[in-house]
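Visitor: I have a structure to look at and some questions about it. Could you take me through them one at a time?

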Amino acid sequence: MTILCVRFQLPPMYEAALPGLLGLLEEFTPVVEALPPDGALADLRGAERYFGRDAVELASVIRVRALALHGVDCAIGLGPGPMLARMALRQARPGAVRAVPGEEAGEFLAGRPVAELPGVGRATARTLCEYGLDTLGRVAAAPLSTLQRLVGAKTGRELHEKANGIDRSRVVPNGVSRSLAADRPFPRDELDPARHRRALLSAAGELGSRLRAVDKICRTLTLTVRYADRSATTRTRTLREPTAHSASLTRVAYEMYEALGLQRARVRAITLRAEGLAPAEQASHQLTFDPVDEKVRRVEEAADRARARFGPRAVMPGALAA
């Protein structure tokens with residue numbers, strides 16, 4: 001058992017805490033793959049040798065440190081590969097570690113519904129169940145040619161291998177490469193739209209600076225507004241041009257907020273998430289010949305240099321996006 005899959009018990013409004021929790025995992029191994037919004041995979045092979053402890057002991061230490069340093073509990077699955085680690089996590093209770101040793105993989109998989117296998121969608125599961133292949137044990141025992149006729153040559157081979165415990169996937173270190181989040185909880189339930197907009201301005205500014213710091217752009221922006229009664233509204237918008245420009249992110253965030261038509265809403269927290277991240281060199285910038293826009297971009301570049309030299313508080317996020 002060398003692969004750990006962890007799901008942190010994060011309240012929705014604290015999804016932006018994930019990068020700090022990933023840093024905790026990276027104290028044990030550099031091979032960490034983020035699974036936003038609240039999970040990660042980690043390869044502990046080197047850590048077992050370095051610390052002289054097995055994966056179960058290391059998982060317990062990670063859980064204790066997450067509680068002590070971040071006040072966050074977690075559930076952890078362990079297995080010889082990412083697939084079994086993910087499936088073990090589904091069986092793990094909050095605050096517990098569920099381990100599936102390699103020699104027990106066949107027994108563990110045999111009784112599991114076919115829909116629990118990572119990568120098996122509803123349509124594939126429905127097709128298999130129609131032919132009586134409703135458990136992974138039955139899929140593993142079925143002839144490869146039968147599976148390939150049912151779901152296709154490539155999918156059938158992958159399904160047959162996974163059902164027999166053969167996992168060719170690897171943990172791919174990526175930081176939080178799929179998305180970045182900035183949350184703005186209010187000290188008390190907030191009714192003032194002006195304060196809502198200031199929170200959006202700050203969150204968009206933070207996302208912009210973080211994206212530029214890692215040379216990324218985002219294709220999609222998601223706004224989540226959480227209310228006093230614990231309900232929430234989420235809206236997602238695909239950007240006309242992928243960007244890391246704070247002013248552009250702020251403009252889209254304002255548009256999504258205005259579209260909600262909130263009337264005297266008691267807002268507890270606002271979260272912005274940048275998704276569909278890609279390398280910054282893939283960005284295309286539409287020339288506007290607007291001197292104000294070009295000036296804002298130059299000021300952003302200067303602010304980014306100041307943050308890199310003097311720290312993140314050298315320029316407050318959102319201060320340049322207005």
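This is a predicted model: local features need pLDDT of at least 70, side-chain atom pairs count only at pLDDT 80 or more; totals for chains, interfaces and linings use all residues.

Visitor: Is L117 buried or exposed?
Guide: A residue counts as buried under 20% relative accessible area. L117 has 2% relative accessibility, so L117 is buried.

Visitor: Which residues does L117 touch, not counting those up to four places away in sequence?
Guide: M87 lies 30 residues from L117 along the chain, yet their C-alpha atoms are separated by 7.3 Å. M87 is one of the residues touched by L117. The list is M83, M87, L136, L159 and K162.

Visitor: Which strands stand at the edges of the sheet?
Guide: The open sheet has five strands with mixed pairing, in the order β2-β3-β1-β4-β5. Each edge strand has a single partner, so one of its sides has no neighbour in the sheet. The edge strands are β2 (32–35) and β5 (97–99).

Visitor: What angle does the direction of helix α3 make with that of β4?
Guide: Helix α3 (residues 55–70) packs on the sheet and touches β1, β4 and β5. The angle between the directions of α3 and β4 is about 165°.

Terms used
Residues are numbered from 1 along each chain as its sequence is written. Side-chain values use heavy atoms; hydrogens and water are left out. Buried means under 20% relative accessible area, exposed over 50%, partly exposed in between (1.4 Å probe, protein chains only). Contact means heavy atoms within 4.5 Å. Two strands pair if DSSP finds at least two bridges between them. Helices (H or I, at least four residues) and strands (E, at least two) are DSSP runs, numbered from the N terminus. Axes are lines fitted to C-alpha atoms, for helices over the stretch in contact, and angles run from 0 to 180 degrees between N-to-C directions.
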